[in-house]
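Hello,

Please find the structure below, followed by notes on what turned up in it.

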Amino acid sequence: MNLTLKVWRQNSAKEAGNLVSYPVKDISEDMSFLEMFDVLNEQLITKGEVPIAFDHDCREGICGMCSMFINGRPHGPKQGVTTCQLHMRSFKDGDTIVVEPWRAKAFPVVKDLVVDRSAFDRIIASGGFISVNAGNAQDANNIPIPKPDADKAFDAAACIGCGACVATCKNSSAMLFVSAKVSQLALLPQGKIEATMRVKEMVAQMDKEGFGNCSNTGACEIECPKGISLENIARMNREFYSANITE
Amino acid sequence: MGITGLFLVTFLIVHCGINACIFFNDGGVTFNAAAEFMATNLFIRIMEYVLFIGIVVHIVQALVLTLHNNKARPVKYAMNNGAANSKWYSRWMGLLGTLILMFLIIHLDHFWLKTRFTGLDQHTLFDQMKSSFSHLWVVLIYCAGMVSLSYHLMHGVQAAFQTLGWNHKKYTPFVKKAGFVFSIVVPFIFALMPIFMYAGWIK
C-alpha cells in the first residue's frame, strides 16, 4: 500500500506545531498502524531527519499508552480497538491519513503526537483507591457480591485510561474516564465505605485539571476502545449529588 | 441544565395543552376560556415569573458551560469526524437554543407583550392568533422555530435524565423513546396551529 500521511509535528509544548505530509510506500496491510509509523520513522532516521515521537507500550491493546487521533477519530476508524490494534487493512491504497495528538488543555502536547496524560494520574491519586490493606487474595465468595454488580464493576474496571473519551469529546470532558474509576469501586463493598469522599475528590480534581463539561453527546462511549458505558456517567452523577446532599 | 431543561419541558406540556384547545374548532370559545383562566389564576401568574427565571438560568448555564468547554480545548483539531460518533443535534444544542431564543423573542412580541402590556389589536387572544397567523412569513418562522425546538428536545430530554443520574436498566430505554416521541409530537402540534390558521381550517 502507498499512503500519504499528514502528521502533527510539534517540537515542544511551548512551540507551535503544524501538519507535515509524508509519503509512505510498500506498506503491508497486515501491519499495525504503529508498525507503519515504525517504518516511516526508520525512513526519517535514514534521511537524517528527526523521527516522529508517539506513545506506545504493550502494543496489544491493554496498556492505554497509544494515543493517535486518526482521520478525525481517536484510535482511528474501527470501534473497540486501540491504535496499536488498528491494522492497515482498515485503509485503502492511496489514502491520505491525518494523524493528530489528543487535543485538550488538560493533555498538553509534549512532542509531536505525545501528550502528557498525568492529569488522569492525579485524578486517580485524589480518590481512585481504597484505604484498607487488601492483603492476599481472599477465598472466592468470601464476600458475597451480586453477580450483576460484579459484572458492572468489572466492565468499568476495563478502562485503560487512554484518554480517547477526552480526545473525542467536543467539550474535552473526562467524565467517562472518571465515572469508570468511580463506578468500579463504588459498586463493590470494599469501595463503598469511602464512596462519598471519593466521588467528591475525584470530580474536584477533574475540574481543577481543566477538563470540560459533559453534554451527553455520547461520543466517548462510541470511541472508547474498551466499551465503557455512559451508564457509568449517570452513576457518577448520582453518587456526586447524593454525596453533596448527605454531607 | 438538566433541571431547568426539564422544568421548561413541563411548561411546554401546559402551553401545548392550552393552545391545542383551538382544535375544538368552536370559534375559539374553549381556547379563550382557557386563556382567560391562565391570565387570572394567581398560581399561573406566579409561575410566569418562575418560567422567565427558568429560561434565563437555562441560558446563563449554557453560556457559562460553553465558555468553559471552549477553554478546555485551546487548539482545535485539523480534522474531527464528529458525525462518526454522535448525532449532529447533540453537538449543536447551542445553535438550536439560539434559534429557539430568536423565535421566542418574535413569539413574545406577537402574543405575550400584547396580552400583558400593550393590549391586543384584536378582541380576544384567539382573534389575535388568527390575525398574526394570516401572514405567511409568520407561519414560516413559527414552523422553523418548531423544527429547532424539536431537535433541541430530541437530545435535551433524554440528556437531562442522564445528567441528573436517572439511569436504570428498565426505565432508561423507555425514557429515551418517550423523549423522542415528545420531541416530535409537541413541536408538531404547535406547528399545526399557525398552519391550520393560515389555511383557514380553524374558524
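At 6% relative accessibility, A:Arg235 counts as buried, where buried means under 20% relative accessible area, exposed over 50% and partly exposed in between (1.4 Å probe, protein chains only). This is a predicted model, in which local features need pLDDT of at least 70 and side-chain atom pairs count only at pLDDT 80 or more, while totals for chains, interfaces and linings use all residues. Residues are numbered from 1 along each chain as its sequence is written, chains are lettered from A and ligands numbered from 1 in the order in which they are written, and side-chain values use heavy atoms, with hydrogens and water left out.

The side chain of A:Arg235 forms a salt bridge with that of A:Glu231 (3.2 Å, N to O); the term stands for a side-chain nitrogen of Lys or Arg within 4 Å of a carboxyl oxygen of Asp or Glu. A:Glu231 is partly exposed, its relative accessible area being 29%. Both residues belong to helix α9 (residues 231–246) of chain A and sit four residues apart, about one turn of the helix. Through salt bridges with shared partners, A:Lys152, A:Glu231 and A:Arg235 form one network. Helices (H or I, at least four residues) and strands (E, at least two) are DSSP runs, numbered from the N terminus.

Over all chains, the search of the whole structure gives 12 salt bridges. One of them joins the side chains of A:Glu223 and A:Arg73 at 2.7 Å, N to O. This pair links distant parts of the chain, with A:Glu223 in helix α8 (residues 219–223) of chain A and A:Arg73 in strand β4 (residues 73–74) of chain A, 150 residues apart. Both A:Glu223 and A:Arg73 are buried. Another salt bridge pairs A:Arg103 with A:Glu100 (3.2 Å, N to O), and these two residues are buried as well.

**Nonpolar core**

The largest nonpolar core has 37 residues. Such a core is a set of buried Ala, Val, Leu, Ile, Met, Phe, Trp, Tyr and Cys residues joined through side-chain atoms within 4.5 Å. The members that touch the most others are A:Phe107, A:Phe120, A:Ile123, A:Val166, A:Val178, A:Met206 and A:Phe211. In chain A, α2 (118–125), α4 (164–168), α5 (175–186), α7 (195–208) and α9 each supply at least two residues of this core. The most come from α5(A), which gives six.

**Chain B and its interface with chain A**

Chain B has eight helices and zero strands. Its C-alpha atoms fill a box of roughly 55 × 35 × 30 Å along the principal axes. Of its 203 residues, 40% count as buried.

In the interface, 26 residues of chain B are in contact (heavy atoms within 4.5 Å) with 37 residues of chain A. The buried area, meaning the accessible area (1.4 Å probe) that two parts lose on being put together, summed over both, is about 2600 Å² between chain B and chain A, and carbon and sulfur atoms give 49% of that. Zero salt bridges are found across this interface. On the side of chain B that touches chain A, α3 (42–71), α4 (88–91) and α7 (136–163) of chain B each supply at least two residues. The residues on that side comprise 10 nonpolar, 12 polar and four charged, with Ala, Val, Leu, Ile, Met, Phe, Trp, Tyr, Cys and Pro counted as nonpolar, Asp, Glu, Lys and Arg as charged, and the others, Gly among them, as polar.

Regards
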